[in-house]
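Dear colleague,

I am handing over the structure we spoke about, and below it you will find my notes on what turned up in it. Please read them with the coordinates open beside you.

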Amino acid sequence: MEVSNKYVVVKHHIQDAPKESDFEIKIGALILSVDSGSNDVIVKNLYISIDPYQINRMKSNDPSQTSISFAAPITPGEAIDGVAIGKVLVASDNGKFQKDDLVMGVFTWAEYSLVKEESIIKKLEPSEFPLTYHLGVLGFNGLSAYAGFFEVCKPQKGENVFVSAACGAVGNLVGQYAKLFGCYVVGCAGSQDKVTLLKDKLGFDDAFNYKEEKDLTSILARINIRGFLAADFMNVFPDFIAKTSAYLQTGRLHVIEDVSSGVESIPSAFVGIFNGNNVGKKIVKVAEE
């Protein structure tokens, strides 16, 4: 059986802010079968994670492209890949995955993905939480927030914490972790509506619109910056999942998702995260579960 497969490519290398015109929606044919003895899997994509790190993969050259396999450069004209959740349609005969298994992995920005077994990060078992949580609060965004705050910042209760891009997929979680830990939390965002959300829903002690603040130096004082990769802290993943799940179960942690629909919406969704259009985790829903 053959299906029509819609997918997204970048037309050329991007050096500045991305535009929708930098991308193209293509349609190709995909045969729903895999070679006997192979470890290939065909996945019907359900949800695709939209993440800002992808912009560095689209540049002709960037230091981050050699930092980790996820950041490998993207060849213009070829399907873009990224973290996604899908349902197995066709599996190889080694028995590790079965038809209708729900899986998370590195799949193409497409309706269907033909992937190697090693591109699947994990099989998703039935859970009390929505599938999309595995792309955000219970995924690498959540780990980035958790590890960045507890392992890199190493806070003390009662300390003042400042969160930039506080309405983003990582920032909003950092602020909530900090409040739950017992810190005084201030965040910045790019609109008054976002500032209100931070204070009224997420419990930030204070927040401001950086686009309207005339003297950021006096507002911030002594900022210390350190870069890190969430993958460096996989050793704390079990602790992160346990604590975050408990917060979710008791309603102490709020989840904010911004969901668009259809492969056609991927370019605008991606461009939008650089313009501050999203609130919380940006996800594209490709198909019904």
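A residue is called buried here when its relative accessible area is under 20%, exposed when that area is over 50%, and partly exposed in between. Because its relative accessibility is 9%, Asp51 falls into the buried class; please keep in mind throughout that this is a predicted model. Asp51 sits in the loop that runs between strand S3 (40-49) and helix H1 (54-57). Between Asp51 and Ala207 there are 24 Å from C-alpha to C-alpha, for a separation of 156 residues in sequence. Val236 is likewise a buried loop residue, with a relative accessible area of 9%, and its loop is the one between H5 and H6. The C-alpha atoms of Val236 and Asn275 are 32 Å apart, although these residues are separated by 39 positions along the chain.

Salt bridges

With a side-chain nitrogen of Lys or Arg required to lie within 4 Å of a carboxyl oxygen of Asp or Glu, the count is 13 salt bridges. One of them joins Asp101 to Lys123, with 3.8 Å between the closest N and O atoms. This pair connects distant parts of the chain, since Asp101 belongs to the loop between strand S4 (81-90) and strand S5 (102-108) while Lys123 belongs to strand S7 (residues 120-123), 22 residues apart. Asp101 is buried at 14% relative accessibility, whereas Lys123, at 35%, is partly exposed.

Another salt bridge is made by the side chains of Lys179 and Asp205, at 3.0 Å from N to O. Lys179 is part of helix H3 (residues 171-181) and Asp205 is part of the loop between helix H4 (192-200) and S10, so the contact ties together parts of the chain that lie 26 residues apart in sequence. Lys179 is partly exposed, at 30% relative accessibility, and for Asp205 the value is 30% as well, which again counts as partly exposed.

A further salt bridge, between the side chains of Asp258 and Lys282, has an N to O distance of 3.1 Å. It links distant parts of the chain, with Asp258 in strand S11 and Lys282 in strand S12, 24 residues apart. Both Asp258 and Lys282 are buried.

Strands and their pairing

Strand S11 (residues 257-261) and strand S12 (residues 281-285) run parallel and are paired over five bridges. S11 has a covered face made of Asp258 and Ser260, and an uncovered face made of Glu257, Val259 and Ser261.

There is also an open sheet of three strands, in the order S8-S9-S10, with parallel pairing. Its edges are strand S8 (160-163) and strand S10 (206-209), each of which has a single partner strand, so that one side of each is left without a neighbour in the sheet. Neighbouring strands in this sheet are turned against each other by 15° on average, with direction ignored. Strand S9 (residues 184-189) and S10 run parallel and are joined by four bridges, and within this sheet Cys188 stands opposite Phe208 of S10.

Cysteines

How many disulfides are there? With the two sulfur atoms required to lie within 2.5 Å, the count is zero. Cys153 takes part in no disulfide, and the nearest cysteine sulfur, that of Cys183, lies 9.4 Å away. Cys183 is in no disulfide either, its nearest cysteine sulfur being that of Cys153 at 9.4 Å.

A nonpolar patch on the surface

Finally, Phe162, Ile223 and Ile225 form a nonpolar patch on the surface, and together they have about 320 Å² of accessible area. Ile225 is located in the loop between helix H5 (216-220) and helix H6 (237-249), and because its relative accessibility is 75%, Ile225 is classed as exposed.

Conventions
Residues numbered from 1 in each chain as written. Predicted model: local features only at pLDDT ≥ 70, side-chain atom pairs only at ≥ 80, totals over all residues. Heavy atoms only, no water. Patch = residues over 30% accessible without salt bridge, like charges linked within 9 Å, V, L, I, M, F, W, Y side chains within 5 Å. Areas by Shrake-Rupley, 256 points an atom, 1.4 Å probe, with all protein chains shown as cover. Helix = DSSP H or I, 4+ residues; strand = E, 2+ residues; numbered from the N terminus. Buried < 20%, exposed > 50% of the residue type's maximum accessible area, 1.4 Å probe, protein only. Pairing = 2+ DSSP bridges. Axes fitted to C-alpha atoms, helices over the stretch in contact; angles between N-to-C directions.
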